[in-house]
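Dear colleague,

Please find below the structure that I am handing over to you. My findings follow directly after it.

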Amino acid sequence: MRNKGVNYAKYGYIFSIPFVLTFLIFSLYPTIFTAVIGFTDLRGMGRTEFNFLKQPFDNFVLILNNPTFRKSLGTTAIIWLMNFIPQILLSLLLTAWFTTRRFKIRGQGAFKVLLYMPNIITAATIAILFNSLFGYPKGPVNDLFMRFGWLDAPANFHMQKWTARGVVAFIQFWMWYGNSMIVLIAGVLGIDPTLFEAAEIDGATSTQIFFKITLPRLKTILLYVLITSMIGGLQMFDIPRLFLWGGPDSATLTASLFIYNQAFSGSYLYNRAAAASMIMFLIIVVLSAALFHLMRDKDEAKFRKAERLRIRNAKKQGELV
Amino acid sequence: MKRNMRIVVSFLLIACMSFSLFAAGQTEAAKAPARKVINLWSFTDEVPKMIDKYKELNPNWDYDVNVTIIATTDGAYQPALDAALAAGGANAPDIYTAESAFVLKYTQGDASHFAAPYKSLGIDVAKKLKEADIAPYTVEIGTNTKGDLVGLGYQATGGAFIYRRSIAKDVWGTDDPAVIKTKVGPGWDKFFQAAEDLRKKNYAIISGDGDIWHAIEGASAKGWIVDDKLFIDPDREMFIDVAKTMLEKGYHNDTRDWTDAWFADMKDAGAKKVFGFFGPAWLINYVMAGNSGGTKPGEGTYGDWAVCEPPVGFFWGGTWLITNDKSPVKDAVGDFIEWVTLDSSETGLQYYWANGTLNGPGGTKDTVASGTVMKKSDGTLPFLGGQDMFDVFVPAGAFASGRNKTQYDETINTYWRDQVRSYSAGNKSRAAAIAEFKQQVADNLAIAVK
Amino acid sequence: MKSLKASTNITKTIIYVVCIFLAILSVFPFLVMFINATRSTFQIQQDSVSLLPSKYLASNWAVFKGKSFNPVVGFVNSMLSSGGATLCAVYFSSLTAYALVAYSWKLRQPFFTFILAVLMIPAQVTGIGFYQFMYRIGWTNSLLPLIFPAIASPSMVFFMRQYLMATLSLDIVNSARIDGAGEFYTFNRIILPIMKPAMATQAIFTFVFSWNSLFIPLILLTNSKKYTMPIMVSLLRGDIYKTEYGAVYLGLSLTVLPLFVIYFLLSKYIIAGVALGALKE
């Protein structure tokens, strides 16, 4: 598997050029630009020139000491956990159901297609729809609860902090579990089928198979789902904004919404917004690194080390010859 | 897989700042002679449609108008407009419009240096203002800090109290606006007395706390910012107590404006029948008539409404037209702007607008900024049981004031109303709500709070 | 044996109940949207969620058509930009993934780590200055800035790499070489067909995302001839004082229809599933 012909190495570089160039132009340049703004006094609409601050980290200190920003970080974490844990559990459960050989679920294809569908509709439509569903004093959810006798009087859901957070988390969960499920199923299909066969012959139950064989081998894909979901979760923006504009009483004010408000709600604090997004970037990097570390494949690390050693030795031998 | 890419835009304005650095040289080069193109930026197609009418009336005005419409609902209009203004060059807007929620930014605030005084467009401002008898608050808002007029609107959005005739008869034995205005005003004490009278007969005086807010906001002596600091006007502070009292006493149905329940109250579909709404003429045309559950008197609540003076004066909404100071076609722009904002003749825009004849007969009637036009127009509406709404809305424009507005109003109002709701719902104490409000203003806008 | 079968049946019933419930939940918003497209603005304001269609479809269409833009143009622009972005993303991500799997080059591992790092840069950071840059190179009112950035889609490269690791046998590549095929030819003619299922899955994700994106297009495209469908729907919402909800829902429904078509055309790959390999192997 590993001797892929040294002569062809240059194609590895050539085929990566489009990606690298596009990244440099469309992502790296703007990223550096933001980082720079974070150290300047650029604020106010129509300003064209900016100066670097004498205390370069002033904006960062201001943002870190900003109570609303701190609160928004907590809110982001809470809403993310509320959406991510059920999301990953449900998509794992569905993955198990749809890939197990024990139950032959009929209409599987149709279910897979349907469950992904919430992802097709725009976030704006969904947020507005949910806002009306939970309307007060009259709205479909209130009508339903009263009909079943669960409520005596209409509840003002939009004023309940935890309900609002729950709805935002639910929307996020519901829009993305189908997507995670499709990726996870792809991961399971990549596992060598003989492993399952062997386990079945040994008399393992499907629960055992799932936890002992499927899950450990799903690590890479799970990591991918975790990281993309975490990044998505930390950037959660349009659902909280469109559902209740971050309310009630900042209960759904996420960090991204905070950053948006810094730049757009009237004072044009671009420098602080830039500093806040760099802080967000650092947080994402740290959390992602932690995830990588937690889920790193210890065997693989060893394997790679051994590989490097082998190549070095081979080279040395080559030099000798 | 990149979720929520829209956040990207959060930073566009940063972008806008900086590209003007690079575009600086471009502006000079763009002054090509005798350009026959006008760039118009707006957030609805109202003003662009006026261009069509103007061209029809003035065939000699042969400019091509490039129209850019960006809706305000997604928060994209201002960033894009700011970017285009800062960039300058041949594609810069010549005319742009601003809505009352953010117009001050473009006439007196951070973006006011882009605006050209109307007098530089070849308009005899003082004479025309007098001739057309323009509602003073629209002039106040459109005047920059140097005292030059830079923006004017075509609508007048002075507010009235729009109430139900049948409920008025049931409670006070009459539906005459001259009598009802003495029941609900002047002043809030009388208004709450009326609320109590209505409550005894199981009516709600208004639909939710949002209805009363526009009136309270508009009537306060000072705005949110005084000497670069947050200032809570006593009138506005009173709102927190009023909102709580009204909720506790059941004076309203506790709806939120622009939600289903609020619209439903316009046709008696709520918990209690609602007596009235605060609003300008457009609220009747755009919102209430359609939501009344009928299209002619006798159906739903249609025809069972009347308007009277509100307990305090206020205005709500409106569109202002502004010209770019760097526009190379100022004279042509000036001709159009004068026709829209200051022409009080029967071929002026406002006459068509007031009588609903801009796109042929039978359109929606509306109040306009020019008192002169109002005098020769007819505001009779079957929705109001045949009342001439201009009788009430024209004086209402005179009550309104633009002096208590700031460019931060949209944001600060949101924070304030959110905290007021939390307090009246019993989620926190009054002091905690006010403290949190100040904290939000300080954290998000970097405005000193004390 | 019997009790095992009974418990299997119970589990199966639970599975069906859960799946059917989730499926209904998935269809619900579309149903509301389509029904609202047939209702008048004022009906929607009174009850925004209803399961009873009304008779205002034609008048909503009239409002939509009466605006200063042309829905057909919007459809074409959306197709061009989303289709272009999807093609770019799918082709170049496959190419980059192939470079990572098929060749052994010195910077291969660092490059992969780099791609993972790029994945972590939050969109809000990368967006800074994007608009400025587009303005400087004169790419406003052009569909290009909506298409080309898709060439660097790190998450898709990751996905494609995992897929190739599970499915690609280097013997195929080697035998192609023996037959005298060039590297580029091999990739286009032999590797790409192998990647079809993964490409289809990712194409759906990208197309949906690109088709629904609103903000960047809204700012970049100010000429009505360049508007995309979501921009047109957003313009229908105009300002808060006067929103044509019936026409908005009609616009949203029209926007989603092409997505349906594409999605169902490609859905056989979702049904069959694609196999993704783990890191090693």
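Across the interface of domain 1 of chain C and domain 2 of chain C, the rule finds 0 salt bridges; a salt bridge is a side-chain nitrogen of Lys or Arg within 4 Å of a carboxyl oxygen of Asp or Glu. Please note that this is a predicted model, in which local features need pLDDT of at least 70 and side-chain atom pairs count only at pLDDT 80 or more, while totals for chains, interfaces and linings use all residues. Residues are numbered from 1 along each chain as its sequence is written, chains are lettered from A and ligands numbered from 1 in the order in which they are written, and side-chain values use heavy atoms, leaving out hydrogens and water.

The two domains of chain C span 2-62 (domain 1) and 68-272 (domain 2), with bounds from an automatic or database domain assignment. Their centres, taken over C-alpha atoms, are 29 Å apart. In the contact (heavy atoms within 4.5 Å), domain 1 of chain C takes part with 12 residues and domain 2 of chain C with 14 residues. Between them they bury about 1,100 Å², 79% of it on carbon and sulfur atoms; buried area is the accessible area (1.4 Å probe) that two parts lose on being put together, summed over both.

On the side of domain 1 of chain C that touches domain 2 of chain C, 7 residues are nonpolar, 4 polar and 1 charged. Here Ala, Val, Leu, Ile, Met, Phe, Trp, Tyr, Cys and Pro count as nonpolar, Asp, Glu, Lys and Arg as charged, and the others, Gly among them, as polar.

How many residues does each chain bring to the contact of chain B and chain A? Chain B gives 50 residues and chain A gives 59 residues. The area buried between chain B and chain A is about 4,600 Å², and carbon and sulfur atoms give 55% of this. There are 2 salt bridges between chain B and chain A. The side chains of A:Asp249 and B:Lys428 meet in a salt bridge, at 2.6 Å from N to O.

With kind regards
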